[in-house]
Amino acid sequence: MKRSEIAIIGGGPSGLMAAEILSLQGHSVTVYDSMPTVARKFLLAGKSGLNITHSEDFQRFADRFGAASKPLRTALEAFTPADVRAWADNLGTETFVGSSGRVFPKAMKASPLLRAWIKRLEAQGVRILTRHRWLGFDGQVLAFETPDGRKSFHSDATLLALGGASYPRLGSDAGWLAALKGKDVDIADFRPANCGFDVAWSEQFRERFAGEALKSVTAKSAAGTIPGEFVISRHGIEGSLVYAHAAALRDRLATQGAAVLTIDLAPGRSSERLAKDLARQDGKASFSNRLRKGAGLEGVKSALLREIAPDAARAEPRALADLVKALPISVLRPRPITEAISSAGGIRWSAVDESYMLKALPGVFVAGEMIDWEAPTGGYLLTACFATGRAAARGMDAWLQQSQNGG
């Protein structure tokens, strides 16, 4: 097959993974990125320990993507979490499974993996051009703003892997929306995902407990009942347990105007047991002592109960036990999308064919968080970015072969 010129716009995990596959197929691949270096969000994720994928059963893993689970399934089956680990190992990055089932590099960093990956891409002939911001289509070519002014480049096929709308300072600023305007590409509005929420804390509670973590609790919403921990922030609530419920809370707010995250502060004990233990406490003791001795609550847990239910001190043991087991935190709104770990929204699946090509723009493919899907934290986001990058690369290669054969 004739050697094709391929442009990959966006140097994140999806774009780099597509570059790896396409360069192995003998194509001439150039990756364009607007930032001074590639994969900046990937590197940021690795600062706290790169959660590269998850070790749970694949069927369960593949169902973590909500409404997008079905359209993502083929790509995920072709690059499973086990494949991610094998790929990383092949780059000299050994991984391990943490206590939560999440998978991390033993080095707990993203930089060694990224360095090895870029070295391999360069050895395969991939050219990486940074500080090249895509401006859109200039007729049949691609226009970029570069340090040397506006430039145009030809490509036989193009992959857009420009990310969503979270972390704009790292390049994922949804600037590509303007470039696709008027191109008949159906795009859903971006919304924050894996985000915190505002809560109307009292000033006293905010000043005293902002930054405190609530550990060993469970939280319940339409997403289910999930164990974990979260953090009280000055604005409301943050952390992994909140992120697990973020989509359900966000959508509930959008449809009904109100949403509640229900917290079990003592998941190891039943309401009946708590009611008996609280009833045994000396009525003359302080409320703090009764909570500590009867329910094992102190510090921020005790304060949160009193913040949500100011009259709790006067409650009967059974009613108090019910509060401990189901404390309702009313959330007001998601935090801004610029603070979110990821975003929902983007190019709708109906605008993309099975090869990840835009139906309205033959020869233009998409991958990663540009497409309308979301997932919880835990390695799901990164795995799907890898998988869609590979799937789009396979689609591009097949389309180029068909085009050259007169198909």
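A salt bridge here is a side-chain nitrogen of Lys or Arg within 4 Å of a carboxyl oxygen of Asp or Glu. The legends describe a predicted model, in which local features need pLDDT of at least 70, side-chain atom pairs count only at pLDDT 80 or more, and totals for chains, interfaces and linings use all residues. Residues are numbered from 1 along each chain as its sequence is written, and side-chain values use heavy atoms, with hydrogens and water left out.

**View 1. Arginine 348 and aspartate 186 form a salt bridge.** The N to O distance between these side chains is 3.3 Å. Arginine 348 sits in the loop between β19 (342-347) and β20, while aspartate 186 sits in the loop between α7 (176-180) and β11 (187-193), and the two are 162 residues apart. Helices (H or I, at least four residues) and strands (E, at least two) are DSSP runs, numbered from the N terminus. Arginine 348 is partly exposed at 34% relative accessibility, and aspartate 186 is partly exposed at 38%; buried means under 20% relative accessible area, exposed over 50%, and partly exposed in between (1.4 Å probe, protein chains only).

**View 2. Lysine 41 pairs with glutamate 369 in a salt bridge.** The distance is 3.3 Å from N to O. Lysine 41 belongs to helix α2 (residues 40-45) and glutamate 369 to the loop between β20 and α14 (380-404), so the pair ties together parts that are 328 residues apart in sequence. Glutamate 369 is buried, at 11% relative accessibility.

**View 3. Glutamate 94 and lysine 106 form a salt bridge.** Their closest N and O atoms are 3.1 Å apart. Glutamate 94 lies in the loop between α5 (81-90) and β4 (95-97), and lysine 106 in the loop between β5 (102-105) and α6 (111-123), so the pair ties together parts that are 12 residues apart in sequence. The relative accessible area of glutamate 94 is 45%, which makes this residue partly exposed.

**View 4. Five strands make up an open sheet with parallel pairing.** Their order is β6-β2-β1-β10-β20. Strands β6 (127-129) and β20 (364-366) are at the edges with a single partner strand each, so one side of each has no neighbour in the sheet. Two strands pair if DSSP finds at least two bridges between them; β10 (residues 157-160) and β20 are joined by three. Leucine 159 has phenylalanine 365 of β20 as its bridge partner.

**View 5. Serine 271 is in helix α10 (residues 271-279).** Serine 271 is buried, at 14% relative accessibility. Leaving out residues up to four places away in sequence, serine 271 touches Arg318, Ala321, Asp322 and Lys325, where contact means heavy atoms within 4.5 Å.
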